[in-house]
Amino acid sequence: MQQIKVVVTGPFGAGKTQFINTISDIDVVTTERRISMPEQRETKEETTVAMDFGRVSIKKDLVLELYGTPGQRRFAFMFDILSKGMWGFVVLVDSADPATFDEARELLELFDNFAAVPRVVAANKQDTKGAVPPAELRKALMLDPSVKVLPCKATDKASVRKVLLGLLSSMLEGGKVN
Ligand SMILES: Nc1nc2c(ncn2[C@@H]2O[C@H](COP(=O)(O)OP(=O)(O)OP(=O)(O)O)[C@@H](O)[C@H]2O)c(=O)[nH]1
Ligand SMILES: [Mg+2]
């Protein structure tokens, strides 16, 4: 059995917990707590304070272990703990929230520094008003052509699966996964 550790990161509220909940075969281990800062509570009530953990069977003998990071930067101490031993990572971005794009770019660089492993950017919330398409997100994030930017709707299982398969195919190209 090959177990592949994948980290799901991205700015506050990008949809990381949702992404893992949608695809996981097991009940996700979450660490959501009520948001303490009133200005952030306008968007939602709870935030991840340590991690999400889920797993998904991709095919016989191949399981992805998904580790979601917190989005609030005060919990960033978890980043290097969660990234230990990762085989790849996903940077999830709320495509309708350009104010978070710079941070998404920073996270990509930060996790790249932890480990130079395959990564994909998921242009999430494609179903929401004002969501920019993947090509536009690529430009805004000034991404290298080698980084895949995939459309995503974290509430939709097939869509989440496509993102993970996109990452997996980059890993296959690297020859680590078979
Ligand atoms: N319409 C729509 N809503 C989404 C999508 N993905 C996530 N959401 C919603 O966006 C909100 C934030 O999602 P979370 O999964 O809590 O985001 P997060 O990245 O884990 O947030 P933090 O842990 O606080 O950083 C929730 O209400 C989700 O249901 C999507 O693709 N489409
Ligand atoms: Mg979360």
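Is Thr-17 buried or exposed? At 12% relative accessibility, Thr-17 counts as buried, where buried means under 20% relative accessible area, exposed over 50% and partly exposed in between (1.4 Å probe, protein chains only).

The model is predicted: local features need pLDDT of at least 70, side-chain atom pairs count only at pLDDT 80 or more, and totals for chains, interfaces and linings use all residues. Residues are numbered from 1 along each chain as its sequence is written, chains are lettered from A and ligands numbered from 1 in the order in which they are written, and side-chain values use heavy atoms, with hydrogens and water left out.

Because Thr-17 lies in helix α1 (residues 16-23) and Thr-48 in strand β3 (residues 46-48), the pair ties together parts that are 31 residues apart in sequence. Helices (H or I, at least four residues) and strands (E, at least two) are DSSP runs, numbered from the N terminus. Thr-48 is buried, with a relative accessible area of 5%.

**Ligand 1**

A backbone N or O atom of Gln-18 lies 2.8 Å from an oxygen atom of ligand 1. For Ala-14, the distance from a backbone N or O atom to an oxygen atom of the ligand is 3.2 Å. The side chain of Lys-125 places an N or O atom 3.1 Å from an oxygen atom of ligand 1. The elements giving two or more residues to the shell around this ligand are α1 and β3; α1 gives the most, with three residues.

Move to Thr-31, in the loop between α1 and β2 (32-34). Thr-31 is buried at 16% relative accessibility, and a polar atom of its side chain lies 2.9 Å from the backbone oxygen of Met-51.

Most residues other than glycine have a negative phi. Asp-61, in the loop between β4 (52-59) and β5 (62-68), has a positive phi of about 70° and is partly exposed at 42% relative accessibility. Finally, select Met-142, between α5 (134-140) and β8 (148-151): its phi is positive, about 50°, and the residue is exposed, with a relative accessible area of 63%.

Notes. A polar contact is a pair of N or O atoms within 3.5 Å; within protein, one must be able to donate a hydrogen and the other to accept it, and residues adjacent in sequence count only if both atoms are side-chain atoms.
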